[in-house]
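Here is my note on the model you sent. Please keep the structure open while you read the points.

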Amino acid sequence: MGPLTRRLVHFSHALNSKDVTSEVVERAKYLLLDYLGVTIAGSLTESSQPVYRMLARSASSGDCAVIGTSSETSPESAALANGAPSIRAW
């Protein structure tokens, strides 16, 4: 883990809900909903299907959801599967 990543992890871990303003919370909710909408829409595109086929063939198991499907997989595979449609939809 690099120094910048380590610093971000320590900052995030020490963060208290009292330290976050209501404006930041509302903006985070908006951005999360935006991400979910884009990812769900992107999960239906043809360009996302190779990632889903790759996951179906892999032996990766876990309890992390693949957005837009009924699949569950490992955290690493879910990050790939959920990231691909969110980028493609832009």
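Leaving out residues up to four places away in sequence, which residues does Ser77 touch? Point 2 gives the reply.

1. **What kind of model this is.** This is a predicted model, where local features need pLDDT of at least 70 and side-chain atom pairs count only at pLDDT 80 or more, while totals for chains, interfaces and linings use all residues. Residues are numbered from 1 along each chain as its sequence is written, and side-chain values use heavy atoms, with hydrogens and water left out. The pLDDT is the predictor's confidence in each residue, from 0 to 100. The chain averages 88, and 97% of the residues score at least 70. Confidence is highest in helix H2 (residues 22-43), at a mean of 93, and lowest in H4, at 86. Helices (H or I, at least four residues) and strands (E, at least two) are DSSP runs, numbered from the N terminus.

2. **Ser77.** Ser77 touches Leu55 and Ser60, not counting residues up to four places away in sequence. Contact here means heavy atoms within 4.5 Å. Ser77 sits in helix H4. Its relative accessible area is 14%, so Ser77 is buried. The cut-offs are: buried under 20%, exposed over 50%, partly exposed in between (1.4 Å probe, protein chains only).

3. **The core.** Six residues form the largest nonpolar core: Val51, Tyr52, Leu55, Val66, Ala81 and Ala84. Such a core is a set of buried Ala, Val, Leu, Ile, Met, Phe, Trp, Tyr and Cys residues joined through side-chain atoms within 4.5 Å. Helix H3 (49-57) and helix H4 (75-88) each give two or more residues to this core. H3 gives the most, with three. Look at Ala81: beyond four places in sequence, Ala81 touches Val51, Tyr52, Leu55 and Val66. In soluble globular proteins, nonpolar side chains tend to be buried together.

4. **Thr73.** Is Thr73 buried or exposed? Thr73 has 3% relative accessibility, so Thr73 counts as buried. Thr73 lies in strand E2. Setting aside neighbours within four places in sequence, its contacts include Leu55, Ser60, Val66 and Ala78. Of these, Leu55 and Val66 also belong to the core.

5. **Ser71.** Ser71 is in the loop between strand E1 (64-65) and strand E2 (72-73). With a relative accessible area of 39%, Ser71 is partly exposed. Apart from neighbours within four places in sequence, Ser71 contacts Cys64, Ala65 and Val66. Ser71 and Ser61 are 10 residues apart in sequence, and their C-alpha atoms are 9.7 Å apart in space.

6. **The salt bridge.** How many salt bridges are there? The count is one. The rule asks for a side-chain nitrogen of Lys or Arg within 4 Å of a carboxyl oxygen of Asp or Glu. Lys29 and Glu26 meet it, at 3.5 Å from N to O. Both lie in helix H2, three residues apart, about one turn of the helix. Lys29 is partly exposed, at 46%. Glu26 is partly exposed too, at 47%.

7. **The surface patch.** Leu8, Phe11 and Leu15 make a nonpolar surface patch of about 310 Å². Patch residues have over 30% relative accessible area and no salt bridge; like charges are joined within 9 Å, nonpolar side chains (Val, Leu, Ile, Met, Phe, Trp, Tyr) within 5 Å. Areas come from the Shrake-Rupley method with a 1.4 Å probe, and for residues only the protein chains shown count as cover. Phe11 is in helix H1 (residues 3-14). Its relative accessibility is 53%, so Phe11 counts as exposed.
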